[in-house]
Amino acid sequence: AKQIVINARALAAQLLERGFTLVTGGTDNHLVLLDIRTKSVTGREAEEALDRIGMTANKNTIPNDPRSPFDPSGLRLGTPAITTRGMKEPEMRRIADWIADAIERRTDDAALARLREDVRVLARAFPPPA
């Protein structure tokens with residue numbers, strides 16, 4: 001459980017470095033909730049971009065969200081599953097960069113394909129526990 005929180009903080013810190021806004025300014029649990037309005041993208045668009053590279057995230061409303069709950073302004077990320085696979089802070093930084101790249105290049109099919117392969121390589125290096 002301790003590593004899950006450490007990983008969430010590392011993921012959040014790198015996303016902050018990449019210009020994202022955290023709803024609470026940080027995290028002290030397993031979740032990271034991003035306000036992605038500054039990236040000119042909706043939660044649905046971000047969720048779909050991440051799905052295309054093989055990452056699961058959820059669109060999510062944020063406090064006082066001006067958008068519909070069906071296409072909100074937030075994105076929710078969690079670290080339990082990837083921590084269970086043995087990933088730690090270095091992988092969180094890579095994952096955060098891939099999240100940022102996928103969202104920023106969401107209309108670039110070639111870039112998303114390259115990112116998907118990077119995600120696959122990392123996933124193979126950290127198989128789920130038996």
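This is a predicted model: local features need pLDDT of at least 70, side-chain atom pairs count only at pLDDT 80 or more; totals for chains, interfaces and linings use all residues.

Visitor: At what angle do α1 and α4 pack?
Guide: The angle is about 40°, and the axes of α1 (residues 2-17) and α4 are 8 Å apart. Helix α1 is therefore oblique to α4; angles under 35 degrees count as roughly parallel, over 145 as roughly antiparallel, 65 to 115 as roughly perpendicular and the rest as oblique.

Visitor: Which residues of α1 and α4 make the contact?
Guide: Among them are Ile6, Ala10 and Leu11 of α1 and Met92, Ile95 and Ile99 of α4; contact means heavy atoms within 4.5 Å. By class, this contact of α1 with α4 has eight nonpolar, three polar and three charged residues.

Visitor: And how do α4 and α5 cross?
Guide: The axes of α4 (residues 89-104) and α5 (residues 109-125) come within 10 Å and cross at roughly 160°. The two helices are therefore roughly antiparallel to each other, and their crossing is left-handed. Trp98 of α4 and Leu115 of α5 are among the residues that make the contact.

Visitor: What about α2 and α5?
Guide: The axes of α2 (residues 43-52) and α5 cross at roughly 55° and come within 8 Å. That makes α2 oblique to α5. Ala49, Asp51 and Arg52 in α2 meet Asp109, Leu112 and Arg116 in α5. Those residues divide into two nonpolar, no polar and four charged.

Visitor: Changing topic, how many aromatic pairs are there?
Guide: A search of the whole structure finds zero; a pair would need ring centres of Phe, Tyr or Trp (its six-membered ring) within 6.5 Å.

Visitor: Which residue lies over the face of phenylalanine 20?
Guide: Lysine 39 does, at 4.7 Å from the ring centre. A charge sits over a ring if NZ of Lys or CZ of Arg is within 6 Å of the ring centre and within 35 degrees of the ring normal.

Terms used:
Residues are numbered from 1 along each chain as its sequence is written. Side-chain values use heavy atoms; hydrogens and water are left out. Axes are lines fitted to C-alpha atoms, for helices over the stretch in contact, and angles run from 0 to 180 degrees between N-to-C directions. Helices (H or I, at least four residues) and strands (E, at least two) are DSSP runs, numbered from the N terminus. A crossing is left-handed if the near helix is turned anticlockwise from the far one by less than a right angle, and right-handed if clockwise. Rings of Phe, Tyr and Trp (its six-membered ring) pair if their centres lie within 6.5 Å; planes under 30 degrees apart count as stacked, over 60 as edge-to-face and the rest as tilted. Ala, Val, Leu, Ile, Met, Phe, Trp, Tyr, Cys and Pro count as nonpolar, Asp, Glu, Lys and Arg as charged, and the others, Gly among them, as polar.
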